[in-house]
Amino acid sequence: MDALGLYNYWIAIVLMMTGFYVVVSRGNLVKKIVGLNIFQTSVFILYISMSKVSGGTAPILAEGFETYSNPLPHVLILTAIVVGVATTALGCALVVRINEAYGTVEEDEIQSQDQEA
Amino acid sequence: MQRHLVLRVTTKLLMPFILLFALYVQFHGDFGPGGGFQAGMIFGAGFILYALVYGIDSAKRVAPAGALRVLISAGLLLYIGVGYAGLALGGNFLDYGVFSAQAPKGQHLGIFLVELGVGVTVAATMVTVFFNFAGRGRD
Amino acid sequence: MLLSFLAVMAIGMLRLRNLFAVVMLSGIFSLLSAGLFVALDAVDVAFTEAAVGGGIATVLMLGTLALTTDREKPPEGRLQIIPLLIVVATGALLIFGTLDMPSYGDPTAPIHQHVAPRYLADAERETSVPNVVTAVLASYRGFDTMGELAVIFTAGIGVLLLLGRPRKRRERHGGGQSGGQGE
Amino acid sequence: MIAAHLPALQIVVPLVSAPLCLLLRRGDLAWALALAASWAALGCAALLLQQVLSTGPISYQLGGWAPPWGIEYRIDVVNGFVLLIVAAIGAVVLPYARVSIAHELPEDQHAAFYTALMLCLTGLLGVTITGDAFNLFVFLEISSLSSYVLIALGRDRRALTAAFQYLVMGTIGATFIVIGVGLLYMATGTLNMLDLAERLPPMAESRTVLAAFAFLTVGAGLKLALFPLHFWLPNAYAYAPSVVTAFLAATATKVSIYILLRFFFTVFGTAYSLELVTLENLLIPLGVAAILVCSTVAIFQTNVKRMLAYSSVAQVGYMVLGIGFASTTGLTAGLVHLFNHAMTKGGLFLALGCMVLRLGSVQLDSLAGLGRRMPLTMFAFVVGGLSLIGVPLTAGFISKWVLVQAALEQGNWFVAGVVLVGSLLAIVYVWRVIEAAYFRPAPGGDPAAPNAAAPGGEIVEAPLSMLIPTWILIGASIYFGIHTSLTLGVAERAARFLLGGGA
């Protein structure tokens, strides 16, 4: 259990947290969606890192290969990517509608407009 | 972009290859990387390219909103239908083994069908989403 | 190496205020991670990530920018402490969690022992499909994929419901305030 | 043959109705189909619960693959009970939806609306029924995405921002759940819940498992609006279309609580959750804070929908308290409250929907004199309010009574006191509505009413198609306050099942 063996996971976690930070700290709605994307993509990297087997190859069975990487995380992440893009599409649609209704995509300006109303 | 001759011609040349590639990815997913989802994405992207170059209106003539609505549902229905077929033939839901006397063959058929369903819905959804965004232009 | 690039991208996206550049960077981020997935033997995932992250998601976000604005308002000067604390705490918890993980690439890890070997051993015989990822996706875990398709379907319906109508009839709130860019 | 496949049909019948609704295009046809599907789902749920009660847990292998390789549906007393709640609410809300939606949404959106509603129902049922940790995430996302859409359809523009906020919070929550599931998978190599439960105890010391536990708790906490994570909920409930509010308030948070229960007691096991992590030290303070803070905030709301939304967060606090006690009585209280609150809050929001139909708003001021103009609706609200407070002979009383018992069992007088204070606070906010409706004169002509739905200022009772569903739920919250054998009996069995090793 050497530190080097975990390096991959750690980078993925740092990326994840960068995305997460963008989501929670930025008031611009588009940037929030970008942040969510980074966050989710980094989670995918974490999953795929788990699936790697040293010396393995892609899990498409063929003559001459003995070790394959674990296919299950790949399957899960395929599903998760699709869910992610679906969320992005909906989020973008909402941003467009918010911009039409408020004329801005900044969270604080929206809030101040709501308080006036 | 409707007036750029180079773009128009290149797009026209590329279109068959993009669509062919999409079909290849769709049906070759059993043996190499790929499958319904990726194929649907490529198909959708190819169509979006067409719409960007030739204009939304002519793209909408190729794929009217009503047809897209039907296609979106049809893909999902195909998938669920395959599931029900498994039920009807005496297996569990989504059990493809019962489609053929030899289970592996049935499995292969089932996988082929559901991937097709995935491809149709994904492509149609992508195009619908794009049309809806593009339809709310600044004008 | 790729991972370091990814980190640079992520920081860049955090700092930049030109949203157009941010979206472009996020597209590159996706493509790079697709490259990473190839290196990690996940070809199907890489293919999808490239098509989704580099393609559709970027197009969608550019479309959104075209309909809204591509400048982010400069944030107020103060450092946002609470979000930072939350994020650092979450990250620390995750790192703490990794301490008991098996090393990267270790073939004896439990993840490679229990469920997965059967797929690799039997998938071709049981489904006559040599791409194990496809076999698991469409057959062993076919129900997940049906759910996934339903998610995409939901997104399609959602966009249809949210953007499918001409915008005029949408102005319900006094009408006047929604001056937007577009009008 | 059908009986053997009930678990699959439970999900697939509502699911298949969704694309069909879209294809039908006509709002009324789509509504009829959705109605039929939701009643079929209720039938499935009732049969399943009956089967579970008489013969024990049911396992169904999707695709015919044995778990842990394939996905398994596993129904026991606990999720059988939750399934019944969700399906019942769906079946009651749909008849109501037709008039309400016709009033609140433009004609050409109706078919797509019912599609989204059926997807949401499917997602919630799917989360409840599944025995696979990743499948849970997929169906959770179906229900979440469709509920973002449904909320955004509200008439106020604030519905859009509320939906966006919910989308961000919900996605973070779901991603946390994915991280948690991933960590568990990394530690054990399996995704099946029962299989996980078998493989986790030997690794109780593992830091990976502990991190997974934390992520799953926070992720589910975000979804169920656990006290400090509830900020998305009041706006989302306040601005969504009436039917959507009633449906989500009665089901979505309940299903999230079920997720929490399932992970705490089945996957990690009682020993781990309570002895190693000492969860009660976290849950009880959060529950208490939720009850006190949110009930107080509710008092100061002028929008009745928002008021009830805050009250929902407080009610979640009661359920969390029940889980926190981790005794049979405590869990029974939590589960019974889950059921009773679904009926009561569902009924209350439906009553509000009737008012929206006639008044166009549910600001406290616009309710003045409503007791005389819409007597049946208003009386339904009063009865629901009594159940919310926990007056004897209502369902609310039963759950609070059991909860107090659970507190006293452990000698925790403080919590018992908090439950009482919560009821007192509920009296205050319910009274504010009653006072406005019965003791203030009806405004003549009322130019302030922002809606022209009642021309000439004449406000009449809501149509029967909306009143009957409202009264079914309100009636249920009285019925189950008197006849407790069904709810208490099943909840107690479920509680014992959860604590008895979980498997």
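The radius of gyration is taken over C-alpha atoms, and the globule rule is 2.2 Å times the number of residues to the power 0.38. In this predicted model, chain A has a radius of gyration of 20 Å, whereas a compact globule of 117 residues would have one near 13 Å. Along the principal axes, the C-alpha atoms of chain A fill a box of roughly 70 × 30 × 15 Å.

Chain A contains four helices and zero strands. Its elements run α-α-α-α from the N terminus on. Of its 117 residues, 71% count as buried. Contacts between residues at least 6 apart in sequence were also examined in chain A; 44% of them join residues at least 24 apart.

Chain A touches chain B. Five residues of chain A and four residues of chain B make up the contact. On the chain A side, the five residues are nonpolar, with no polar and no charged residues.

In chain D, helix 18 covers residues 413-439. Its 27 residues should span 39 Å at 1.5 Å a residue, and the end C-alpha atoms are 37 Å apart, so the two values agree. The buried residues of this helix include V415(D), V418(D), V419(D) and G422(D). Further along, L425(D), A426(D), Y429(D), V430(D), V433(D) and A437(D) are buried as well. An α-helix has 3.6 residues a turn, so residues three or four places apart point the same way.

Notes. Residues are numbered from 1 along each chain as its sequence is written. Chains are lettered from A and ligands numbered from 1 in the order in which they are written. This is a predicted model: local features need pLDDT of at least 70, side-chain atom pairs count only at pLDDT 80 or more; totals for chains, interfaces and linings use all residues. Helices (H or I, at least four residues) and strands (E, at least two) are DSSP runs, numbered from the N terminus. The expected span of a helix is 1.5 Å times one less than its number of residues. A residue is buried if 20 or more other C-beta atoms lie within 10 Å of its own, exposed if 12 or fewer, and partly exposed in between; C-beta atoms are placed from the backbone. Two residues are in contact if their C-beta atoms, placed from the backbone, lie within 7 Å. Ala, Val, Leu, Ile, Met, Phe, Trp, Tyr, Cys and Pro count as nonpolar, Asp, Glu, Lys and Arg as charged, and the others, Gly among them, as polar.
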